[in-house]
Amino acid sequence: MNRDGATLRIAAPAKVNLGLRVVGRRADGYHLLRSVMTLLDWGDELHIEPLPTPELHLTCEPEVTLRVEENLVWRAAERLRHRCAISRGARIHLIKRTPTAAGLGGGSSDAASTLLALNHLWQCGLSLNELREVGLALGADVPFFVAGESALAQGIGEILRPVSLDHPLHLVLANPGKPLATALVFKTYGAQLTSRHHPANIPGLDQSEEVALLDWRNDLEATARSLLPEMDEVFRCLADCQPAQVRMSGSGPTVYGVFARSDLAQAAAEVLKGRHPAWWVRQTDTLSRHPFHLQHGLPRLSEI
């Protein structure tokens with residue numbers, strides 16, 4: 001993150017789920033989860049200029065919503081301004097690199113980075129916990145991105161515990177170039193289960209179990225693959241590149257392979273791009289903390 005004159009440039013890193021378990025369902029229909037999520041050193045980018053007048057201006061490259069008011073960046077700015085009774089505005093430009101409805105949390109990360117940046121620029125003075133509360137109304141993954149580090153997410157995603165990864169993971173991300181709506185995946189998954197699969201009480205995890213929980217398993221994988229059969233070929237081709245793990249992120253359809261070295265991951269990405277030019281493919285590594293947190297010395301999850 002840096003400044004170009006009065007404009008703040010802030011990263012909005014994507015994420016992957018290092019396993020996702022569905023462990024219950026609330027009375028309102030929301031599924032209860034246990035998932036370890038970690039940031040990536042790649043994602044969207046926001047350029048934000050504070051304005052002394054109350055207007056909000058948002059441009060997006062490329063456009064991802066029919067109306068600007070539907071964009072999570074706009075909604076995040078409006079919600080923060082209402083929460084803090086701010087009379088100032090902002091000019092925001094979103095550079096969108098993360099594909100929509102891909103299981104990488106792009107929109108949620110955009111919203112979280114907007115909250116972090118405007119809380120700073122507008123001098124709102126909200127704590128990270130307060131920003132997480134604001135973000136939860138925008139999406140279940142937003143609190144994770146506000147927290148800005150690898151975490152075990154529970155509840156619908158709002159209950160976070162820090163998780164330390166021993167070293168960065170070298171990944172290849174790939175999907176068949178088609179979106180897969182999160183709501184559809186969860187609705188279909190829920191229809192396939194009976195109540196006995198949804199325990200009301202969720203046992204806690206000790207530190208050693210947090211990453212073991214994963215066993216690199218994603219309970220939504222079979223449902224996503226049934227809804228988008230093209231994912232089967234993505235799984236097969238990634239597995240042919242001989243990664244240590246091949247799993248789906250979030251509700252899909254993005255699949256990722258974990259490689260021992262970044263050069264091996266880059267070589268695998270080039271193979272996939274050459275064989276399947278219509279696919280979306282990206283090589284990236286995991287990120288220990290959100291760049292904004294490092295720049296501003298924000299507290300870690302274990303400190304708040």
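This report covers helix packing, pockets and backbone exceptions in a predicted model.

**Helix packing**

| Helix pair | Axis distance | Crossing angle |
|---|---|---|
| Helix 1 and helix 3 | 10 Å apart | about 125° |
| Helix 2 and helix 3 | within 10 Å | roughly 130° |
| Helix 1 and helix 2 | within 8 Å | roughly 35° |

Helix 1 spans residues 72-84 and helix 3 spans residues 128-136; their axes lie 10 Å apart at an angle of about 125°. Helix 1 is therefore oblique to helix 3. The crossing of this pair is right-handed. On the helix 1 side the contact involves Arg79, Leu80 and Arg83, and these meet Glu130, Leu131, Glu133 and Val134 of helix 3. By class, the contact of helix 1 with helix 3 holds 3 nonpolar and 4 charged residues, with no polar ones.

Helix 3 also packs against helix 2, where the axes come within 10 Å and cross at roughly 130°. That angle makes helix 2 oblique to helix 3. Helix 2, too, passes helix 3 in a right-handed crossing. Helix 2 contributes Leu115, Leu116 and Asn119 to this contact, while helix 3 contributes Leu128, Leu131, Val134 and Gly135. Here the residues divide into 5 nonpolar and 2 polar, with no charged residue.

The remaining pair is helix 1 with helix 2, whose axes come within 8 Å and cross at roughly 35°. This crossing is right-handed. From helix 1, the contact takes in Leu72, Val73, Ala76, Ala77 and Leu80; from helix 2, it takes in Gly107, Ser108, Asp110, Ala111, Thr114, Leu115, Leu118 and Asn119. The contact of helix 1 with helix 2 comprises 8 nonpolar, 4 polar and 1 charged residues.

The largest pocket has a volume of about 1100 Å³. Its lining consists of 44 residues, and Ser108, Ala140, Asp141, Thr182 and Ser251 are those nearest the centre. Two or more lining residues come from each of strand 2 (7-25), strand 3 (31-51), helix 1, helix 2 (106-121) and helix 5 (182-191). The lining of the largest pocket divides into 19 nonpolar, 19 polar and 6 charged residues.

By class, the lining of the second largest pocket has 4 nonpolar, 6 polar and 3 charged residues.

**Backbone exceptions**

Most residues other than glycine have a negative phi, and most peptide bonds are trans. Where does the model depart from this pattern?

Between glutamate 61 and proline 62 the peptide bond is cis, with omega near -5°. Proline 62 sits in the loop that runs between strand 4 (56-61) and helix 1. Another cis peptide bond links glycine 252 to proline 253, with omega about 5°. Proline 253 belongs to the loop between strand 9 (245-248) and strand 10 (255-259).

Alanine 85 is not a glycine, yet its phi is positive, at about 50°. Alanine 85 lies in the loop between helix 1 and strand 5 (89-95).

Methods
Residues numbered from 1 in each chain as written. Predicted model: local features only at pLDDT ≥ 70, side-chain atom pairs only at ≥ 80, totals over all residues. Heavy atoms only, no water. Axes fitted to C-alpha atoms, helices over the stretch in contact; angles between N-to-C directions. Helix = DSSP H or I, 4+ residues; strand = E, 2+ residues; numbered from the N terminus. Parallel < 35°, antiparallel > 145°, perpendicular 65-115°, else oblique. Left-handed = near helix turned anticlockwise from the far one by under 90°. Contact = heavy atoms within 4.5 Å. Nonpolar A, V, L, I, M, F, W, Y, C, P; charged D, E, K, R; others polar. 1 Å grid on protein atoms, 1.4 Å probe; cavity = no way out; pocket = protein on both sides within 12 Å on 5 of 7 lines; lining within 4 Å. Points joined across faces, edges and corners; volume = space filled by probe spheres on them.
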